[in-house]
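Let us walk through this structure one piece at a time. Keep the sequence and the 3D view side by side.

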Amino acid sequence: MLARRHARVLIPCFLFIGGLMPEAFSPCPANAQIGSPASFDDQMRQPWVPESSPPFLRSWLICGRFPIRPKSEGQDILATLRTGIDTNYLKNYPDEGAVRPAAKTEEPLPGAGKAAWTPYTSPTDVIDFTQIYTDRQTNNCMAYAYTTITSRTPDDAMMMVGSDDAVRVWLNGKLVHTNVATRGVFPDNDIVSVHLNQGVNTILVKVVNGGGGWGFALRLAHAVDPGNTLFRPWVAPETPDHKIIVTTAPATNNAIPVEVAILAAGGKIVDSRRSTLGVPVTFNAGAWPSGAYEARCIPTFADGEKPIAHLGLYHGDALAAACRLVATAPSNGQTEAELTHTMLADLIRSKIGDPAAAQSLSNEDAGGVVSPLMEWEEIQSKSQVRPGGFVRFAYRDPIDDSPQFCQAYLPPDYTPKKKWPMVVILHGANFDNPPTIGWAGGWGIGSRHSDRADIYHVIELEPIGRFNSFYRGMGEQDVLRCMQMAKERFSVDDDRVYLGGISMGGSGTWQMGSRHPELFAAISPNLGVFDYHVNTPADEAAKLSPRDLFFWEAQSTLVQVESLLTTPIFVNHGDADPVIDVDQSRYAVRMLQRWGYDVRYWEHPGGGHGDFNSDPEVFPWLLRHVRVSNPPKVRLRAADVKTASAHWVRILQSTEPYRMMTAEAEVVGPNRIKLSTSNASAVAISPAAPLIDPSKPIAVTWNGVDEPPAMLVSGAANFYATDYRLAQGDKNATIAGPLNDFTNTPFAIVVGTQSTDRSMNAACQQMADDFVARWRKAQHCSPRVFVDTKVMDEDIARYSLYVIGGADANAVTAKLAKQVPLQAGHSEITIAGRIFAAPDDAAYQAIFPNPRNPQRYVRICGAASAAGMAALSRIPDDVYDFGVIDSRTGEPIACGVFDAHWRCTDAGTLLDKDAARSNPTGPRAP
C-alpha cells in the first residue's frame, strides 16, 4: 500500500518476455537468465510466480554517473530534472537514442573523466543506482541503461516503466516515452504502447535523480487475447470547430462496450455517449460554458470488471483562467478556501511558471492546469462532496501557524444516505523534503482521482502528516485531525476505518495503529518496521543497562503492539528490500503469532523497497473486518504517559523512570474488572455498555487487591496507588516532557537581549537563528519568534515558550523566575528542588508547565557564558526533561526526567559519568 495507481490499466492476459517463452518473444542473451530454470533452492524460496505478471528486465549495460548542472541558481527540482532529461550527455552521439554501446566502452564526463558502460544484473526488479554508485553522491545526477530484446515476429507490446525520478526511454533509437516527475520507483508507473521489430530490439533508458532514491524498473508485455484490448484512453486537444475526440484504446474492439461521459465541475454530466472500446467518441463543445471538464471512460469487460479513467480537458482559454486563479490568490489566507486557493496558485506556477508571462500553453501544459482549475471551480460552487468527488482539507496548524493539507477521494457511488468505509493511507518518506506541492510521488498532490476509491468503493484519506515526521508528535496530530475532519464532512462508518502505509508510512501504521487501536478495524503496515532486537548482536545487548535497553526499546516501531490484541494486521515485505531488512517484518510477525494475534504476512520473493501491487489482496481483506469498539480484554504497553492508552484503559502516571508501563484489563463478570499493571501509579478506565452497566458501581481488582467500588464519572473512573497523591499540574497526556515536546504544542521562541555581555546576546540570537533554520528546512515555514522585551503577557499565556537566555540575559526568564523552579548561580544550578554543583562555564536547560497556562510549556536554556550556550546541543532533548553540561569539556554534569509532580528525584537523575555513558537514542530506525 505504497502509492496510489491513478492511471489504472487493465491488462487481462500477458505472455512473458522471458520465463515461459511465447511464440512472439525471446530474450536477448544479456537477459537470458530471466528465463533460466530456477534452482531447487530458489524454487523452495519462491514456489510460484503468476503467469499474468511478465518479468522485469534485470540485466543492463549501465553508464554514469553524469552530474547535472542547473541552468539557474536556486531553480526548483522539476527544472533541474528537465535540465537533466533535455541534456545529451553522450557527446559522441548527436542523437542519444542512436547509441549502441558495448561493455567497457567509455563516454566523456562533463568537465573531466570518463564513464564506462558496465554490465549489471540487479538482484531485484528495480535497477537501483544508489546501490551501483555507493562511492559517490547520487543527488542531481543522471545515468543511462541499455539492453536488447529479441522478438521472433513484428508485434505490438506494452512497455511498463517505473522510475525515481524523471525518465526517458528510446526503443530502436526512437523516443517513445518521457516523464519528468519527482516520485519513487513503483512498478508500471507509466505504460506505453510500443511496436517491436522482428529480431533484436534496443532499449535505452535515461533516469535523472533530484535526490533521495534513484532507479527504474522496466518490463514488456504482449496482450494475447484480442477480445481484451488494453484499456488506455486519451483525449485529443479541442479542434477549432470545438470538436473533442476521446479514444479509449489503441485498437477497436466491438465486443467491449464503453461509456464516455463529459463531466463539468461538480460532477454534472453535460454529455455522454455509448460506444465500443477503441472507437473514437466525438463531442461538440461549442455550447458548453468555458471551464474545466473531465472525460470519464468506463468499459465493461466480459468478466464484469468496469475500470474507470478520468481525462482532464479545458474548454476555453485555460491560460486566462490560470492567470485569474494565480492573480487573485491571497498572500496570507486564513480560511480553508483561501489556503487552498494559494496552494493551487503555487501548483500552477510549479507546472507552467508565471502564467502572466506565458504567451500560450502547450497541450501538455494545458492538461497540467486542468486539475487545479477544476478544483477551484468546485470550491467556489461548493460541489466537491459528490460521487467520485475530490476534497482537499486545509487548515492552519496552531503549532506554528503553517498551512496544512489533506486529500480525500470519494467512491464513484458516494451518497450521504449510507455509511462508507474509509482507508487512511500514510505516505512514505521523501528526504528531499519539498514543500507541499512537491509531494507528487507517494502523495499525488495534483491528482483528482484514486483507483482505490473507484475500485473498492471506499473513502480514501491521504494526510501529509507534517512531511517527514514519521507520524509522531505533530505528525500524528495532523493525521488525527484530518480523520476528524473527514468524519465531520463525509458519511463515514466508524466501525470500518482502516490504516495502511509503506516505508515511513508502514512505520506510521504500526505506531499509530498501536497507539490508537480504538480507531481502526484493521491495519496494513508494509516494510516500515524497526526493532533493535533484529540486528543487535547478543553480546552487545548483554552489556546494556536496563536504562539503556529502555531507551532502545522506546525507539522500536513495535513498542506498543500489545494494544493490537483485537486489531487484525496484514504485513507485506519484499525479501530483497535494500532499505528495511526483511528480518524486521519477520521478527514482528513471528512475535505476534506467538502471542496468538490476528496477523497475516505476505513476503514477496525478489521484492525490493517498493510497491508490490498488493492492493487486490489487501483491500478486500481489510474490508472484511469490522472494528471491535469495546473489547472485553485490553492490553497496553508504553514508554511514556502521552501515549499510554488503548481502548478503554489509560495509564495516567508511572512509578519509575526509564521503565516500560504495562496494563491488561479484562471484564470478568457483571461490572467486575480485573486490572493488572506494572510501573503504573494511576490508571483510568472507561468501559462502556454493554461491557458494563454504567449506572452501577464497578468492582475493580487491581494487581490482586480489591479497590473500593467506583462509579463512572463522565464515562471514566480513576484509580491511584496508595503511595501516589494527585496534585494539580502533574504530568499528563498533554504536558509530560521531554525537552522537545514543546514543538507539539503552539509555541514561540523568545530571544534574550538583556545581557550586559554583547557576546551573550549574540549567542542567544544565534541559537534562535539555528532553530529557525532547522524548522524552515523541515516544515517550510518560520516559527514565531519574539524579542524578550516585546513579548506581551497574553503571548506568554498563549504559547509554549522556548526561552533562550538565563535571567541575566532574557527578560521573560527573569519575569518567570519566581514561578519556575530553576535558579542559576555562579557555582551551582538548582532545578526543581535539586542543587547541582557547576563550574563557572556551565550550561543548563529544563522544561516545565507554563505557569501562565497549564496546557503549555516553558523551556528555559541558559549558560554562564556565550561559549557555554553552544554546548546545550549535547543534551538529548528527545529524551530528557532537564540537563546541565560542563561547556569546557562538553560532558554532562547531570540530566534526567522529572517525576509525575515535575520534581527531580534520584531515580530520574543521571549524574556525571552515568549521564555521559548513557545512550538515550540507541539505534535509529532507517
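How many residues lie between β33 and β34 in their hairpin? The hairpin has two residues between its strands. Bear in mind that the model is predicted.

Now follow the two strands themselves. β33 covers residues 661-669 and runs antiparallel to β34. Seven bridges join them. Across this pairing, A665 stands opposite L675 of β34.

Strand β36, residues 699-702, pairs with β34 in the parallel sense. Four bridges make up this pairing. Here R672 has A699 of β36 as its bridge partner.

Look next at the two faces of β34, residues 672-678. In a regular strand, side chains alternate between the two faces of the sheet. I673, L675 and T677 make up the covered face of β34. R672, K674, S676 and S678 make up the uncovered face.

Move to the open sheet of eight strands. Its order is β22-β23-β25-β24-β26-β27-β28-β29, and the pairing is mixed. The edges are β22, residues 390-397, and β29, residues 599-604, each of which pairs on one side only. From one strand to the next, the twist averages 20°.

Within this sheet, take β24 (residues 420-426) and β26 (residues 492-502). They run parallel and are joined by six bridges. V424 has L499 in β26 as its bridge partner.

Helices pack on the sheet too. α8, residues 474-489, touches β22, β23, β24, β25 and β26. The direction of α8 makes about 130° with that of β22. α14, residues 615-623, also packs on the sheet, touching β24, β26, β27, β28 and β29. Its direction makes about 155° with that of β27.

Finish with helix α4, residues 318-327. Which of its residues are buried? They are A318, L319, A321, A322, L325 and V326. Viewed down the axis of α4, these buried residues fall within an arc of 160°, so they line one face of the helix. R324 and A327 are exposed on the other side.

What do the buried residues of α4 pack against? Their partners are β21 (309-315), α5 (336-352) and α6 (363-381). At the N-terminal end, D317 caps α4. A side-chain oxygen of D317 lies 3.2 Å from the backbone nitrogen of L319. L319 is also one of the buried residues of α4.

Conventions: Residues numbered from 1 in each chain as written. Predicted model: local features only at pLDDT ≥ 70, side-chain atom pairs only at ≥ 80, totals over all residues. Heavy atoms only, no water. Buried < 20%, exposed > 50% of the residue type's maximum accessible area, 1.4 Å probe, protein only. Arc of directions from axis to C-beta. Contact = heavy atoms within 4.5 Å. Polar contact = N/O pair within 3.5 Å; in protein donor to acceptor, adjacent residues only side chain to side chain. Pairing = 2+ DSSP bridges. Axes fitted to C-alpha atoms, helices over the stretch in contact; angles between N-to-C directions.
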